[in-house]
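Biologist: Hi! Could you walk me through this one with me? I have a few quick questions.
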Amino acid sequence: MTGNVLATPAPALDPAFAAERLRVDWGLEGALHPLDSERDQNFRIDTHDGRRFLLRISNRAETPQVVDFRIQAMLHVARCDPEVPIQRIIPTLSGADRVLLADAEGVAHIGHVVSFLDGVMLNEFVAPRVALEPIGRVLARLGRALRGFFHPAAGHALLWDISRAADLRPWLEDVNSPASRDAAARALDRFKQLVAPVLPTLRAQVVHGDATADNVLVRRDDPAAVAGILDFGDMVHAPLVNDVAIAIAHLTENVSDPLAGAEAILRGYASVTPLEEQELLILQDLVCTRLAATLIISAWRARRQLGNRPAGPQDDESVARRLACFSSAAPEALLRRFHAACRAAPMSSAQAPDLIARRGRVLAPGY
């Protein structure tokens with residue numbers, strides 16, 4: 001697996017050209033505002049009649065099949081559960097769901113327009129714990145809507161796919177902090193030993209794969225009300241529990257007690273889609289794997305000066321703190337907490353080690 005898409009500069013089409021194509025292809029006219037993106041070029045358009053839309057111009061390293069995968073998934077969710085708050089694909093005047101846009105060098109990029117969802121990003125709230133249970137419910141509904149969807153590109157290799165986390169080991173040396181590097185290495189070791197052998201046995205489907213604080217909107221007047229789940233750019237066919245682990249890893253960023261935040265997400269998610277026993281058994285390690293992957297990919301990109309929104313030292317420190325929090329939690333005690341968050345009946349002190357023993361898992365005291 002390579003980082004071709006992340007290593008390829010984001011498109012840099014001229015805003016005036018983008019505005020003209022919006023007018024000609026979609027009949028949309030108004031003011032354009034550039035928005036940050038990891039690998040694409042995005043413009044918000046505020047039309048003269050007060051509406052808002054988003055033009056997304058895909059990275060040239062993205063294959064047409066992968067872009068189609070994302071567009072078709074959004075259309076599928078809109079059909080299966082119209083109340084799930086995601087952006088909607090806006091067709092062109094001719095009824096197409098995308099167009100080709102050439103940059104100054106003549107390189108073609110795929111452009112498509114989606115509706116713009118009003119709300120506040122979760123990362124703007126100092127204490128977003130009140131939103132975590134509702135977010136868990138919405139994420140589970142999104143997963144349920146995607147349950148019957150498949151696409152030939154769903155199995156494409158993705159750097160952020162935590163099922164492939166073992167492939168990140170060569171980049172560990174890019175992590176500057178020795179403590180963070182060691183913590184990430186231990187998380188990858190546990191992934192290889194305890195998680196990777198189990199993943200093929202778990203239920204799998206197309207998952208959103210990117211429920212971060214940048215991609216979750218809540219209502220400005222009510223942070224407990226989810227206004228939107230954004231960005232289908234990291235979708236992939238993977239174990240369903242990956243979606244839960246990603247949400248826990250990232251949405252507990254501004255929570256004073258990340259473990260309690262994880263329980264809130266689980267309560268919401270399990271109210272729609274209960275987690276299975278084997279999924280709960282590996283959840284702690286999956287969360288740690290995602291946090292380790294975040295540290296590694298951030299360092300890899302920073303070392304190569306990639307992207308238009310690099311992570312800073314504060315971001316890495318926050319990720320490292322959460323990795324320390326989840327990795328240092330006693331596995332059996334955390335399993336009981338996760339189990340209680342998902343089910344009405346609490347797990348006894350004897351059940352957790354019994355479950356772990358049945359899976360053949362050998363627990364070390366900490367990481």
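Biologist: What lies 2.7 Å from a polar atom of the side chain of Gln 205?
Modeller: That is the backbone oxygen of Gly 143. Bear in mind that this is a predicted model.
Biologist: Noted. Is Gln 205 buried or exposed?
Modeller: Gln 205 has a relative accessible area of 8%, and because the cut-off for buried is under 20%, Gln 205 counts as buried.
Biologist: Where is the place of Gln 205?
Modeller: In strand E8, which covers residues 204–207.
Biologist: And which residues is Gln 205 in contact with, leaving aside its neighbours within four places in sequence?
Modeller: Gly 143 is on that list too, together with Leu 146, Arg 147, Val 236, His 237, Ala 238 and Leu 240.
Biologist: Okay, strands now. How do E9 and E10 run?
Modeller: Antiparallel, with four bridges joining E9 (residues 216–219) to E10 (residues 222–229). The two form a hairpin, and two residues sit between them.
Biologist: Which residue in E10 does Val 216 stand opposite?
Modeller: Ile 229.
Biologist: Let's go to the core. How many residues has the largest nonpolar core?
Modeller: It has 99 residues, and those with the most contacts inside it are Leu 122, Ile 248, Leu 251, Leu 266, Leu 275 and Leu 283. Helix H8, residues 277–304, gives the most to this core, with 15 residues.
Biologist: Take Leu 283. Which residues is it in contact with, leaving aside neighbours within four places in sequence?
Modeller: Leu 283 is in contact with Ile 248, Leu 266 and Leu 275, and also with Val 241, Val 244, Ala 245 and Phe 338.
Biologist: What does the second, separate core include?
Modeller: That core has 14 residues, among them Ala 18, Phe 43, Val 99 and Val 113.
Biologist: Last topic, helix H7. How many residues of H7 are buried?
Modeller: Twelve of its 13 residues, which leaves H7 mostly covered. Leu 266 is one of the buried ones, as are Glu 263 and Tyr 269.
Biologist: And how far does H7 reach from its first C-alpha to its last?
Modeller: H7 (residues 258–270) reaches 18 Å, close to the 18 Å expected at 1.5 Å a residue.
Biologist: Great, thanks!

Conventions
Residues numbered from 1 in each chain as written. Predicted model: local features only at pLDDT ≥ 70, side-chain atom pairs only at ≥ 80, totals over all residues. Heavy atoms only, no water. Buried < 20%, exposed > 50% of the residue type's maximum accessible area, 1.4 Å probe, protein only. Polar contact = N/O pair within 3.5 Å; in protein donor to acceptor, adjacent residues only side chain to side chain. Contact = heavy atoms within 4.5 Å. Pairing = 2+ DSSP bridges. Core = buried A, V, L, I, M, F, W, Y, C linked by side-chain atoms within 4.5 Å. Expected span 1.5 Å × (residues − 1).
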